[in-house]
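This report describes one protein chain by its elements and their packing. The sequence and model come next.

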Amino acid sequence: MKRRTLPGFLIFAVFALAACDAAVDEDMISATPVSALEFSDAQKAAEICGRNAPNWTAAETALKASGYLETTDERLLGIQRSQRAVILESPTSDVLVLLGSRGGEGACFVGSEGLTPQQSFELALPWVRQFGALTNEERGQGLANNAVQAWGTLTDDLIVYIAAYKTWDVLGAPGAASRLLYIAR
(Lines give C-alpha, C1' and ligand atoms only; values in the text may rest on other atoms or scores of the structure.)
Protein backbone atom coordinates (compact mmCIF):
# COMPACT_ATOMS: atom_id res chain seq x y z
CA MET A 1 0.00 0.00 0.00
CA LYS A 2 1.45 3.30 -1.09
CA ARG A 3 1.46 6.11 1.47
CA ARG A 4 0.39 9.52 0.28
CA THR A 5 2.70 12.41 0.96
CA LEU A 6 1.26 15.47 2.62
CA PRO A 7 1.40 17.61 -0.57
CA GLY A 8 -0.28 14.85 -2.56
CA PHE A 9 -2.97 14.52 0.09
CA LEU A 10 -3.53 18.29 0.09
CA ILE A 11 -3.96 18.31 -3.69
CA PHE A 12 -6.44 15.44 -3.39
CA ALA A 13 -8.31 17.26 -0.59
CA VAL A 14 -8.55 20.48 -2.61
CA PHE A 15 -10.02 18.65 -5.62
CA ALA A 16 -12.38 16.67 -3.37
CA LEU A 17 -13.64 19.85 -1.71
CA ALA A 18 -14.03 21.61 -5.07
CA ALA A 19 -16.16 18.71 -6.30
CA CYS A 20 -18.45 19.15 -3.26
CA ASP A 21 -18.95 22.89 -3.87
CA ALA A 22 -22.07 22.88 -6.02
CA ALA A 23 -22.35 25.16 -9.01
CA VAL A 24 -24.48 28.26 -8.57
CA ASP A 25 -27.87 28.24 -10.31
CA GLU A 26 -27.52 31.44 -12.35
CA ASP A 27 -31.34 31.68 -12.63
CA MET A 28 -31.50 32.22 -8.86
CA ILE A 29 -29.20 35.27 -8.92
CA SER A 30 -31.19 38.49 -8.78
CA ALA A 31 -30.08 41.14 -11.28
CA THR A 32 -32.49 43.86 -10.13
CA PRO A 33 -31.80 45.32 -6.66
CA VAL A 34 -34.50 45.43 -4.02
CA SER A 35 -35.93 48.83 -3.15
CA ALA A 36 -34.18 51.12 -0.69
CA LEU A 37 -37.00 50.46 1.79
CA GLU A 38 -36.58 46.69 1.56
CA PHE A 39 -32.80 46.95 1.83
CA SER A 40 -33.21 49.17 4.90
CA ASP A 41 -35.43 46.49 6.45
CA ALA A 42 -32.71 43.87 5.81
CA GLN A 43 -30.07 46.19 7.30
CA LYS A 44 -32.12 46.62 10.48
CA ALA A 45 -32.49 42.85 10.86
CA ALA A 46 -28.75 42.36 10.32
CA GLU A 47 -28.00 45.06 12.89
CA ILE A 48 -30.21 43.29 15.44
CA CYS A 49 -28.38 40.00 14.81
CA GLY A 50 -24.98 41.66 15.15
CA ARG A 51 -25.94 43.51 18.31
CA ASN A 52 -27.24 40.35 19.99
CA ALA A 53 -24.71 37.76 18.76
CA PRO A 54 -24.20 35.15 20.07
CA ASN A 55 -27.44 35.32 22.05
CA TRP A 56 -29.79 34.20 19.28
CA THR A 57 -32.76 34.02 21.66
CA ALA A 58 -32.26 37.72 22.39
CA ALA A 59 -31.94 38.37 18.64
CA GLU A 60 -35.23 36.55 18.04
CA THR A 61 -36.92 38.54 20.81
CA ALA A 62 -35.59 41.83 19.42
CA LEU A 63 -36.66 40.95 15.88
CA LYS A 64 -40.14 40.06 17.09
CA ALA A 65 -40.29 43.34 19.05
CA SER A 66 -39.50 45.17 15.81
CA GLY A 67 -42.42 43.43 14.09
CA TYR A 68 -40.97 40.20 12.67
CA LEU A 69 -43.29 37.20 12.81
CA GLU A 70 -42.60 33.49 12.94
CA THR A 71 -43.23 31.98 9.54
CA THR A 72 -46.46 30.14 8.82
CA ASP A 73 -45.40 29.19 5.27
CA GLU A 74 -45.43 25.37 4.98
CA ARG A 75 -42.30 25.24 2.82
CA LEU A 76 -40.38 27.45 5.26
CA LEU A 77 -41.69 25.48 8.24
CA GLY A 78 -40.21 22.35 6.67
CA ILE A 79 -36.83 24.09 6.34
CA GLN A 80 -37.16 25.36 9.89
CA ARG A 81 -37.71 21.83 11.21
CA SER A 82 -34.94 20.24 9.14
CA GLN A 83 -32.40 22.87 10.20
CA ARG A 84 -33.57 23.09 13.81
CA ALA A 85 -33.87 26.84 13.39
CA VAL A 86 -36.45 29.57 13.51
CA ILE A 87 -37.46 31.58 10.43
CA LEU A 88 -38.90 35.02 10.94
CA GLU A 89 -40.62 37.09 8.26
CA SER A 90 -40.85 40.85 7.97
CA PRO A 91 -44.48 42.02 7.88
CA THR A 92 -43.60 44.87 5.50
CA SER A 93 -41.15 43.28 3.02
CA ASP A 94 -39.82 39.98 1.68
CA VAL A 95 -36.96 39.92 4.21
CA LEU A 96 -36.45 36.58 5.97
CA VAL A 97 -34.23 35.89 8.97
CA LEU A 98 -33.10 32.37 9.85
CA LEU A 99 -31.69 31.94 13.35
CA GLY A 100 -30.20 28.72 14.61
CA SER A 101 -27.87 27.60 17.36
CA ARG A 102 -26.41 24.47 18.84
CA GLY A 103 -24.27 24.73 21.93
CA GLY A 104 -21.82 27.60 21.60
CA GLU A 105 -22.33 27.88 17.84
CA GLY A 106 -25.05 29.90 16.18
CA ALA A 107 -25.91 31.76 13.02
CA CYS A 108 -28.09 34.50 11.64
CA PHE A 109 -28.98 34.60 7.95
CA VAL A 110 -30.68 37.71 6.58
CA GLY A 111 -31.97 37.54 3.02
CA SER A 112 -34.67 38.62 0.66
CA GLU A 113 -36.18 37.77 -2.69
CA GLY A 114 -34.62 40.15 -5.19
CA LEU A 115 -31.55 40.93 -3.07
CA THR A 116 -28.56 41.11 -5.42
CA PRO A 117 -25.10 39.72 -4.69
CA GLN A 118 -23.82 43.31 -4.35
CA GLN A 119 -26.56 44.06 -1.82
CA SER A 120 -25.73 40.93 0.19
CA PHE A 121 -22.10 42.11 0.21
CA GLU A 122 -23.17 45.54 1.52
CA LEU A 123 -25.44 43.89 4.07
CA ALA A 124 -22.51 41.94 5.54
CA LEU A 125 -20.09 44.89 5.87
CA PRO A 126 -21.31 46.17 9.26
CA TRP A 127 -20.64 42.69 10.72
CA VAL A 128 -17.18 42.73 9.13
CA ARG A 129 -16.41 46.04 10.84
CA GLN A 130 -18.01 44.99 14.15
CA PHE A 131 -15.91 41.84 14.44
CA GLY A 132 -12.75 43.13 12.74
CA ALA A 133 -12.94 40.31 10.19
CA LEU A 134 -10.49 39.74 7.36
CA THR A 135 -11.40 38.47 3.89
CA ASN A 136 -10.81 34.82 3.13
CA GLU A 137 -8.09 35.92 0.71
CA GLU A 138 -6.33 37.83 3.50
CA ARG A 139 -6.59 34.69 5.64
CA GLY A 140 -5.18 32.49 2.85
CA GLN A 141 -8.47 30.77 2.06
CA GLY A 142 -10.65 30.50 -1.03
CA LEU A 143 -14.33 31.15 -1.62
CA ALA A 144 -17.26 28.80 -2.10
CA ASN A 145 -18.89 29.09 -5.54
CA ASN A 146 -21.96 30.77 -4.03
CA ALA A 147 -20.01 33.35 -2.02
CA VAL A 148 -19.57 36.91 -3.22
CA GLN A 149 -17.11 37.37 -0.36
CA ALA A 150 -16.36 35.76 2.98
CA TRP A 151 -14.58 37.01 6.07
CA GLY A 152 -13.46 35.61 9.37
CA THR A 153 -11.95 36.50 12.70
CA LEU A 154 -10.46 34.39 15.44
CA THR A 155 -9.77 35.49 18.99
CA ASP A 156 -9.31 33.72 22.30
CA ASP A 157 -13.04 34.11 22.95
CA LEU A 158 -14.71 33.60 19.59
CA ILE A 159 -14.58 32.53 15.99
CA VAL A 160 -16.73 34.50 13.55
CA TYR A 161 -17.39 33.65 9.91
CA ILE A 162 -19.31 36.09 7.74
CA ALA A 163 -20.43 35.46 4.17
CA ALA A 164 -22.26 37.35 1.47
CA TYR A 165 -24.02 34.94 -0.88
CA LYS A 166 -25.12 35.19 -4.50
CA THR A 167 -28.25 33.10 -3.83
CA TRP A 168 -30.08 31.57 -0.87
CA ASP A 169 -32.03 28.38 -1.44
CA VAL A 170 -34.33 29.11 1.53
CA LEU A 171 -36.00 31.82 -0.56
CA GLY A 172 -37.15 29.49 -3.32
CA ALA A 173 -36.79 32.44 -5.73
CA PRO A 174 -34.01 34.67 -7.07
CA GLY A 175 -32.42 36.56 -4.20
CA ALA A 176 -29.50 36.48 -1.81
CA ALA A 177 -28.52 36.54 1.84
CA SER A 178 -25.71 37.32 4.26
CA ARG A 179 -24.67 35.04 7.12
CA LEU A 180 -23.11 35.70 10.50
CA LEU A 181 -21.78 32.52 12.12
CA TYR A 182 -20.54 32.96 15.68
CA ILE A 183 -18.74 30.29 17.66
CA ALA A 184 -18.05 31.02 21.32
CA ARG A 185 -14.91 29.39 22.69
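How many residues lie between β2 and β3 in the hairpin that they form? There are 5 residues between β2 and β3.

## Model and conventions

The model is predicted: local features need pLDDT of at least 70, side-chain atom pairs count only at pLDDT 80 or more, and totals for chains, interfaces and linings use all residues. Residues are numbered from 1 along each chain as its sequence is written, and side-chain values use heavy atoms, with hydrogens and water left out.

The average pLDDT of the chain (the predictor's confidence in each residue, from 0 to 100) is 89, and 89% of the residues score at least 70. Residues 1-19 have a pLDDT below 50, and this stretch has 2 contacts in the model beyond near neighbours in sequence; a contact means heavy atoms within 4.5 Å.

## Overall composition

The chain has 5 helices and 8 strands. Both are DSSP runs numbered from the N terminus: helices are H or I with at least four residues, strands are E with at least two. From the N terminus on, the order of elements is α-α-α-β-α-β-β-β-α-β-β-β-β.

Of the 185 residues in the chain, 46% are buried. Buried means under 20% relative accessible area, exposed over 50%, and partly exposed in between (1.4 Å probe, protein chains only). The chain exposes about 10,300 Å², of which carbon and sulfur atoms supply 56%; accessible areas come from the Shrake-Rupley method with a 1.4 Å probe. Among contacts between residues at least 6 apart in sequence, 55% join residues at least 24 apart.

## The sheet

The 8 strands form an open sheet with antiparallel pairing, in the order β1-β2-β3-β4-β8-β7-β6-β5. The edge strands β1 and β5 (134-135) each pair on one side only. Two strands pair if DSSP finds at least two bridges between them.

β1 (residues 69-70) pairs with β2 in the antiparallel sense over 2 bridges, and Leu-69 has Glu-89 in β2 as its bridge partner. On to β3 (residues 95-102), β2 has 5 bridges, also antiparallel; here Ile-87 is partnered by Leu-98. Strand β2 (residues 85-89) is largely enclosed by the rest of the structure because 4 of its 5 residues are buried. Further along, 9 bridges join β4 (residues 105-113) and β8 (residues 175-184), antiparallel, with Gly-111 bridged to Ala-177 in β8.

## Helix packing

Helix α5 (residues 117-131) lies across β4, β6 (147-154), β7 (158-165) and β8, running at about 20 degrees to β8. Axes are lines fitted to C-alpha atoms, for helices over the stretch in contact, and angles run from 0 to 180 degrees between N-to-C directions.

Helices α2 (residues 36-52) and α3 (residues 56-65) have axes that come within 8 Å and cross at roughly 145 degrees. Ala-45, Ile-48, Cys-49 and Asn-52 in α2 meet residues of α3 including Trp-56, Ala-62 and Leu-63.

## The loop at Gly-114

Gly-114 sits in the loop between β4 and α5. Is Gly-114 buried or exposed? Its relative accessibility is 17%, so Gly-114 counts as buried.

Not counting residues up to four places away in sequence, Gly-114 touches Ser-30, Thr-32, Pro-33, Val-34, Gln-119, Pro-174 and Gly-175. Asp-94 is 20 residues from Gly-114 along the chain, and their C-alpha atoms are separated by 8.6 Å.
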